[in-house]
Amino acid sequence: METLISRQEKIIKELDSLDTELKQFDYFFNKAFLFKEGPRSDKYLIEGCISKAWVKVWSKENKIHMEVESDSLILKGLLVAMKEIYEEASFEEVNNSEFLLMKSIKVVGLLDEHRMESINKILKIVIDETQVSNRRIK
Amino acid sequence: MNLKELREDFPLLKQEITYFDNAATTPTCKTCIDLTSDYYEKDCFNIHRGGYKGSLRSEGKIDEARALVKSFINAESKKEIIFTSGATESLNLIAKSLFCSMDFQGKNIVTTELEHHSNFIPWIMGKAEVKIATSEKDGKLRIKSVLDLIDEKTGLLTITACSNVTGDFIDLKDIIKKAHQKGAFVIVDASQYIAHRKLDVQELNCDFAVFSGHKIYGPTGIGVLYGKSEIMESLNPPKFGGDMVLNVMKQEWLPLPSRFEAGTLNLAGIVGMGGAIQWMEKQGLKNIEEREKNLKSYLFNRISEIEGVKMFSRKENSAPIVSFSMEGINSNDIAMFLATKEICVRSGKLCAQPLLARIDVESLVRVSLSFLNTEKEIDFLISSLRQIKERVSKWKP
């Protein structure tokens, strides 16, 4: 059975097999193109991101769901990868796991301070959803 | 100019990179590196406070660098040269000084949409009304808009000599003349201008000018505030500390430039900047100008050939900067793709949000040349831009 960890490991393995920045660039580019358009509403806009990024996170029956969109194809590719990891993950999985994808990324532009900050903001939205929902359940 | 020999003077360029981010920081020249290193090894003693030989030697080096800057921008006197950490600090320093020395009640400050954030925010944060001259949809400054905004109530005009986005040189003569006729002070942000054309503060007749060392092949963390001495002498210093005060209890300040240079300065940076100026003068600004004009023209033409490119720069009367967007491709993606090939460009809002709002783009790619670049490097950039375009076209319907 697929878990958050196994999905993340699969993507990390794929990234690690791509030995150049250019190959990873194409990997994220392709992910972005293969994904349908996400929500472009101000409500879901991530503040402070260099390129515009929209992330909608919600939960149903104790499981996380995500929709993602960005003006930047490379950033959208990364967001799609995040979605692949977190989609349908249980609250328990989210709270007991670490987001490790960035350690395998070679594309320098994805690793700059502002982008990392945005990624952390998105992770916080996912984690917050598990907390808020838990409170709602209680 | 023997380009191969010239590039030897820049250790940074020995890396396998194609460097097109000169408007942000120029590579540091060997003269600067050697003088800085030499200063740290032999002369790094604090100035003005030691009666020993090393301190005096250090003082001599700083004085020498100040003289080089004075001559470089044709200031009337060395005391008009204030060393800061860079153009940003120069602008903040003069803003604070003006705000604590003058009454801006009922006065206005005129600036333009072309300004870098560093020549925008310090004024907006003040208590005066800020009037912003507009540019055309293509980013070209409307000179008439500036002239129309200057009136009897204008206390200050603060304006760039060259846009860091479009590269346009701004014809400042009439603007400065009108500002002075109305009794306003004039600040010129020469950060993007000084590496490409002679800045002659006396001919320009500006009251203040600012620039940074790292944009003239010198060190980071050092810059200059030029101010006409008769005005500077009438202003209060905004920073306080050692080596700027004559009588602490009476708050009497030392003469210029010391009263504006509180604390220990970036002495090695000053010496290094002096070295960079010497290096630039040895090459000759006219030679630099000639070479850069040709390179810009080549770059401009080659980028224009790419289908779907929208240019926000002009070929004539401008610094060697070409800013553009490409239809259907985010500018940050372009920069990241180029980075995979070790091509260094800038993308984003370029610290110029008001201008980008005017020209209605989210972000731009900026290619900024120096005379050290080559046509071959430009060809490599063009072929790489074509590659990313092909990659996107492959997926688009």
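Which strands of chain B does helix 11 (residues 285–304) lie across? Keep that in mind as you look around this predicted model; here are my notes.

1. Start with the answer. Helix 11 of chain B lies across strand 11, strand 12 and strand 15 of that chain. Against strand 12, the helix runs at about 10°.

2. Now look at the sheet itself. Four strands of chain B form an open sheet in the order 11-12-15-14, with antiparallel pairing. Strand 11 (309–311) and strand 14 (346–348) stand at the edges with a single partner strand each, so one side of each has no neighbour in the sheet. On average, neighbouring strands here are turned by 30° against each other, direction ignored.

3. Zoom in on one pairing. Strand 12 (residues 321–326) and strand 15 (residues 364–368) of chain B are joined in the antiparallel sense over four bridges. You can find B:S323 and its bridge partner B:R366, which sits in strand 15.

4. Next, see where the two chains meet. Chain A brings 21 residues to the contact and chain B brings 13 residues. Between them they bury about 1500 Å², of which 67% is on carbon and sulfur atoms. On the chain A side, A:L22, A:F25 and A:F33 lose the most area to chain B, together 33% of what that side buries.

5. Two salt bridges are counted between the chains. One of them pairs A:K52 with B:E362, whose closest N and O atoms are 3.4 Å apart. Helix 2 of chain A gives the most to the side of chain A that touches chain B, with eight residues. That side divides into 12 nonpolar, four polar and five charged residues.

Definitions and conventions: Residues numbered from 1 in each chain as written. Chains lettered and ligands numbered in written order. Predicted model: local features only at pLDDT ≥ 70, side-chain atom pairs only at ≥ 80, totals over all residues. Heavy atoms only, no water. Contact = heavy atoms within 4.5 Å. Buried area = accessible area lost by both parts, 1.4 Å probe. Salt bridge = Lys/Arg side-chain N within 4 Å of Asp/Glu carboxyl O. Helix = DSSP H or I, 4+ residues; strand = E, 2+ residues; numbered from the N terminus. Nonpolar A, V, L, I, M, F, W, Y, C, P; charged D, E, K, R; others polar. Pairing = 2+ DSSP bridges. Axes fitted to C-alpha atoms, helices over the stretch in contact; angles between N-to-C directions.
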